[in-house]
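Please keep the model open while reading.

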Amino acid sequence: LSVRRSLVQFSLIALWVYVVFRLAPLWHSNTDYGFGWYIPLLCLCLFWERWKQRPAKSPAQPAAGTFLLIGLLAGVMMPGALFLEVIPQWRFAGWIFTTAAIGLTFVLLYLLGGRNWSRHFAFPILFFVIAVPWPTRIERPLIESLSQLNAITSTATANALGTPAVRHGVVIETGAGLVGVDEACSGIRSFQASVMLALFLRELFGYTLARRTALLFGAIFLALSCNVVRTPYLV
């Protein structure tokens, strides 16, 4: 039994070392996701806090279906890893790879402590999803919407404060020249960072559901508000 437990523990450590190694090019190639390097450390912090309050182990009943699931998840990870090896910046492959790794982690935790452990350590494991770059089909429309909103709000604010400004898409024309609201000014970085910090802090301090919800939406509102204040100042 101890040999099996040691093998499962080693498999968990090796799995996540490999996950970080495989996703590193995605973080390195995209400055918007540079914070991904810190997510594994934050996950470890949350895992340790949960470890100190871990429940008693519930009996695990590994059957043929359990090992079949392990094989299926490992089979899904393999093509994801191969695609990331060939195309390191392919985000969809990163999602396939990470999703399979998370599923495999839940199964290994089940083997270690049963369903109690799988449920108890769910948040620190799922928190890692924040480090995976969003699919382009989701991120691109969001960036465009945030850029448009920023440009509209900045133009209206500048005119209200007595500085004539005309908006042309995401470009704001003023008497002194043009101000472009590009991806860096869309607020996507502050939006992502705010979501990450809000989720981390709400779990770390064990807030109630109401406080967790208020913290999340408050962080998002603060990030977008500060970004909207910055652009009119430039205009």
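By class, how many nonpolar, polar and charged residues does the lining of the largest pocket have? The lining has 16 nonpolar, two polar and two charged residues, where Ala, Val, Leu, Ile, Met, Phe, Trp, Tyr, Cys and Pro count as nonpolar, Asp, Glu, Lys and Arg as charged, and the others, Gly among them, as polar.

This is a predicted model, in which local features need pLDDT of at least 70 and side-chain atom pairs count only at pLDDT 80 or more, while totals for chains, interfaces and linings use all residues. Residues are numbered from 1 along each chain as its sequence is written, and side-chain values use heavy atoms, with hydrogens and water left out.

**The pocket**

The volume of the largest pocket is about 580 Å³, and among its 20 lining residues Leu12, Ile13, Trp16, Leu44 and Phe47 lie nearest the centre. A pocket here is an open set of points on a 1 Å grid over the protein atoms alone, where a 1.4 Å probe fits, with protein on both sides within 12 Å along at least five of seven lines; lining residues have an atom within 4 Å of a point. The volume is the space filled by probe spheres set on the points, which are joined across faces, edges and corners. Helix H1 gives the most to this lining, with seven residues; helices are DSSP runs (H or I, at least four residues), numbered from the N terminus.

**Two side-chain contacts**

Trp16 is found in helix H1, and its C-alpha atom is separated by 7.9 Å from that of Ala101, 85 residues apart along the chain. Gln192 has its place in helix H7 (residues 188-204) and is buried, with a relative accessible area of 3%, buried meaning under 20% (1.4 Å probe, protein chains only). The table gives one polar contact for each residue, that is, a pair of N or O atoms within 3.5 Å, of which one must be able to donate a hydrogen and the other to accept it.

| Side chains | Polar contact |
|---|---|
| Trp16 and Thr105 | 2.8 Å |
| Gln192 and Tyr33 | 3.0 Å |

**The core**

The largest nonpolar core has 51 residues, of which Val19, Leu23, Ile39, Phe127 and Phe128 touch the most other members; such a core is a set of buried Ala, Val, Leu, Ile, Met, Phe, Trp, Tyr and Cys residues joined through side-chain atoms within 4.5 Å. Its largest share, 13 residues, comes from H4.

Notes. Helix = DSSP H or I, 4+ residues; strand = E, 2+ residues; numbered from the N terminus. Buried < 20%, exposed > 50% of the residue type's maximum accessible area, 1.4 Å probe, protein only.
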